[in-house]
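This note concerns the pairing of charged side chains. Please keep the sequence and the structure in view while reading the numbered points.

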Amino acid sequence: AGGLATGTKYNGAFLVAPLLASYFLNIIESPGRRLAAIVDSRLLWFTLPFAVALGVSVPFVIADVDRFWDAMRELSRSMQYGQGTFTPENGWRHHVTHSLRYGMSLPLLVAGAAGCLMLFLRQPRLAVLLFAYPAAYFVVAGSFGNLFFRYMIPVTPFLAIAAAWLVTDTVRRFTPSPSALALVAVVLILPSAVSTWHFNRIVSA
């Protein structure tokens, strides 16, 4: 599935990140059998189908390798220098203060970031596995000269999950009431919902 996803859209390649995170966690947590963990055959059984599926879904990578690398060099130049005369700023800061800030709304972004931090403190193993993909993707996407808002779409679901976990965990510390939980959730997502409604109203006019 990872190879097919990568063949469809390049950011599928970052699915390797949680796999590697799981691989290294397994090595760390296997003090008596680290050698066996290092040569774990399951890594090979992921890599081979990944490569085969990628080759099947994007056959010109193999069949027309020269044009593929020409396209990759052109894409690399675009990613490095951006578009037109626009001088790109720091990509990571831009995506936080613009792409994610306006794409999610500030309350939801703050809740998501706080949820990530709290989950790392409370359940570090789960957090590493869950956020390995968006973290790796964000590091690479922020280094691009092209700073399109859409580049943060793969990150937003994970921030939404973190925000949901934070809200659920916090509210249940005070009350088991589902109504209270629903109320806090609605208040949190309301700015984003209103922004989405206005956007749809504008583009449909």
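1. Glutamate 29 has a relative accessible area of 43% and is therefore partly exposed. The model is a predicted one.

2. Which residue forms a salt bridge with glutamate 29? The partner is arginine 125, and the closest N and O atoms of the two are 2.8 Å apart. Arginine 125 belongs to helix α9 (residues 124-141), while glutamate 29 sits in the loop between α2 (16-28) and α3 (34-38); the pair therefore ties together parts that are 96 residues apart in sequence. Arginine 125 is partly exposed as well, with a relative accessibility of 40%.

3. A salt bridge also links aspartate 169 to arginine 122, with an N to O distance of 3.1 Å. Because aspartate 169 lies in helix α10 (residues 156-174) and arginine 122 in helix α8 (residues 106-122), this pair ties together parts that are 47 residues apart in sequence. Arginine 122 counts as partly exposed, at 38% relative accessibility.

4. Aspartate 169 forms a salt bridge with arginine 173 too, and here the closest N and O atoms are 3.2 Å apart. Both residues are in helix α10, and they are 4 residues apart, so about one helical turn separates them. Is arginine 173 buried or exposed? Its relative accessible area is 57%, so arginine 173 is exposed.

5. Through shared partners, salt bridges join Arg122, Asp169 and Arg173 into one network. The count for the model comes to 3 salt bridges. As a general point, side chains of opposite charge can pair when their charged atoms come close.

Notes. Residues numbered from 1 in each chain as written. Predicted model: local features only at pLDDT ≥ 70, side-chain atom pairs only at ≥ 80, totals over all residues. Heavy atoms only, no water. Salt bridge = Lys/Arg side-chain N within 4 Å of Asp/Glu carboxyl O. Helix = DSSP H or I, 4+ residues; strand = E, 2+ residues; numbered from the N terminus. Buried < 20%, exposed > 50% of the residue type's maximum accessible area, 1.4 Å probe, protein only.
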